[in-house]
Amino acid sequence: MPRTISSERFRERFDRFNEIGATDRGGVNRPTLSDENERARDTLVEWFEDAGLSVRVDEMGNLFGRREGRDDDLPPVLIGSHVDSQYNGGRYDGVIGVLGSLEVVETLNDAGVETERPIEVVSWSNEEGVRFQPDMLGSGVFAGKFDVEFAYSREDKEGKTFGEELERIGYRGEEPCEPRDLHCYLELHVEQGPKLEDRDLAVGVVEGVYGFVWFDAAFEGSADHAGPTPMHLRHDAMVATSDVVDAVRRIAGTGGDDLVGTVGSVDVSPNSINVIPERVEFTVDFRSYDDRTVDRAAERVREEIDHAANREGIEADHEEIMRIDSQSFDDAVVDAVADAADALDADATRLVSGAGHDASYLNRVCPTGMIFVPSVGGVSHTEAEFTEWDDVVTGVNVLLNATVGKANERPDDE
Ligand SMILES: [Zn+2]
């Protein structure tokens with residue numbers, strides 16, 4: 001018989017936790033290293049300790065709570081997610097993964113279950129990347145993608161650094177943030193897309209994560225008066241930008257089945273009603289599960305940017321600022337999640353994540369898998385984010401059973 005959690009206890013925890021930084025419209029505002037994020041961390045530490053976990057904080061502020069195994073020298077099973085939020089974000093994103101992992105521990109404690117391996121619950125720092133870029137900074141340093149000094153030097157819009165703010169809220173720990181021996185990593189998260197809801201399914205068994213490429217780009221034209229300047233004499237940076245926006249949509253539509261492309265940030269100067277735009281800075285984001293599809297889209301958008309500049313007689317500049325290959329999760333961990341869903345009779349399907357997650361970085365360190373639960377309307381990163389409670393509970397039950405299965409694997413089972 002599969003084990004199941006206490007839905008009531010978990011709901012009570014979930015609601016109490018989301019009082020921290022609660023917004024009027026039903027969301028939460030807990031951007032990383034804010035006062036609200038500090039209170040959220042304090043609450044986690046208290047609850048971890050109440051559940052008998054020994055708590056450690058590493059130099060990135062990643063928070064670990066460890067439950068001993070029968071053989072405490074074996075590499076642990078790591079489970080968790082993040083509790084920082086978008087500005088005025090939702091109550092589910094990240095939170096269900098961390099509090100769900102705590103609920104897994106409490107369920108095992110109640111039942112007096114020992115596991116062969118230790119289980120560690122983790123809450124990663126700065127997953128969202130809204131205040132300090134790039135996102136997934138805590139797990140990125142842990143996986144060796146970035147070094148700690150780079151992370152500490154990241155600045156928010158007010159010029160405060162990640163390092164200073166981490167120190168200010170008291171979560172700059174001593175433990176080095178670096179890869180260590182882990183048996184596996186499991187993360188429960190909301191899907192943030194419509195696939196599960198469309199098919200009326202409760203659980204997504206995540207097989208991998210899209211790869212992506214990011215560009216910073218700029219056009220430099222000439223500012224001039226919007227009245228006296230004839231059309232043929234204009235060098236309008238905004239017109240070139242709009243050509244690229246159009247091209248991104250066209251590339252995504254023709255470049256591969258699952259390719260998506262976005263111009264998400266546009267900064268126009270001087271941004272005035274009666275001045276021809278002189279300079280536009282903008283971003284481009286392409287994603288697919290197929291890395292070659294991303295490569296081709298990146299090549300095409302570079303050409304489109306150069307062509308748009310030529311047509312408008314202006315200068316173009318573009319730089320690839322980030323590229324992450326797609327991640328395929330470990331077959332055995334994916335199967336463990338699928339088996340747990342099966343044992344619980346949950347309506348599940350295998351799918352691939354369009355969004356990046358801490359699990360994408362952990363996949364470089366140890367065998368990794370993820371569990372998705374539906375996002376109603378496919379909506380996330382807003383206060384309207386919602387998941388039916390029954391689905392959240394089903395997701396945690398899958399996490400519980402997959403975790404127990406992995407935590408009872410002996411080294412010679414492998
Ligand atoms: Zn998240």
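Visitor: In which loop does Pro134 lie?
Guide: This is a predicted model. As for its place, Pro134 is in the loop between β4 and α4 (137–142).

Visitor: Which residue joins Pro270 through a cis peptide bond?
Guide: Pro270 is found in the loop between β9 (266–269) and β10 (279–288). Omega of the cis bond is about 0°. The partner of Pro270 in that bond is Ser269.

Visitor: What is the phi of Asn271?
Guide: Asn271 has its place in the loop between β9 and β10. Asn271 is not a glycine, yet its phi is positive. The value is about 60°.

Visitor: Which residues are the protein donors of the zinc ion?
Guide: The donor atoms lie 1.9 to 2.1 Å from the zinc ion. In sequence the donor residues follow the spacing H-x10-D-x95-H. They are His82 through NE2, Asp93 through OD and His189 through NE2.

Visitor: How many residues apart in sequence are the parts tied together by His82 and Asp93?
Guide: His82 lies in strand β3 (residues 77–82), whereas Asp93 lies in the loop between β3 and α3 (95–110). Both are donors of the zinc ion. The pair therefore ties together parts whose separation in sequence is 11 residues.

Visitor: What separates the closest N and O atoms of Glu116 and Arg70?
Guide: Side chains of opposite charge can pair when their charged atoms come close. A salt bridge needs a nitrogen of Lys or Arg within 4 Å of a carboxyl oxygen of Asp or Glu. Glu116 and Arg70 form such a salt bridge, with their closest N and O atoms apart by 2.5 Å.

Visitor: Where in the chain are the two partners, Glu116 and Arg70?
Guide: The salt bridge between Glu116 and Arg70 links distant parts of the chain, 46 residues apart. Glu116 is in the loop between α3 and β4 (119–124), and Arg70 is in the loop between β2 (63–67) and β3.

Visitor: How many salt bridges are there between domain 1 and domain 2?
Guide: The domain assignment gives domain 1 as 7–209 + 327–413 and domain 2 as 211–324. A search of the whole structure finds 35 salt bridges. Between domain 1 and domain 2, the count is 0.

Visitor: How much area do domain 1 and domain 2 bury between them?
Guide: The C-alpha centres of the two domains lie 35 Å apart. In contact are 15 residues of domain 1 and 7 residues of domain 2. Of the buried area, 59% is on carbon and sulfur atoms, and the total is about 680 Å².

Visitor: Which element supplies the largest share of the side of domain 1 that touches domain 2?
Guide: Across this interface the rule finds 2 residue pairs in polar contact. On the domain 1 side, β6 (203–209) and β12 (327–328) each supply at least two residues. The largest share is 3 residues, and it comes from β6.

Conventions
Residues are numbered from 1 along each chain as its sequence is written. This is a predicted model: local features need pLDDT of at least 70, side-chain atom pairs count only at pLDDT 80 or more; totals for chains, interfaces and linings use all residues. Side-chain values use heavy atoms; hydrogens and water are left out. Domain bounds come from an automatic or database domain assignment. Contact means heavy atoms within 4.5 Å. Buried area is the accessible area (1.4 Å probe) that two parts lose on being put together, summed over both. A salt bridge is a side-chain nitrogen of Lys or Arg within 4 Å of a carboxyl oxygen of Asp or Glu. A polar contact is a pair of N or O atoms within 3.5 Å; within protein, one must be able to donate a hydrogen and the other to accept it, and residues adjacent in sequence count only if both atoms are side-chain atoms. Helices (H or I, at least four residues) and strands (E, at least two) are DSSP runs, numbered from the N terminus. Donors are N, O and S atoms within 2.8 Å of the metal (3.2 Å for Na, K and Ca); water is not among the atoms, so sites may look incomplete.
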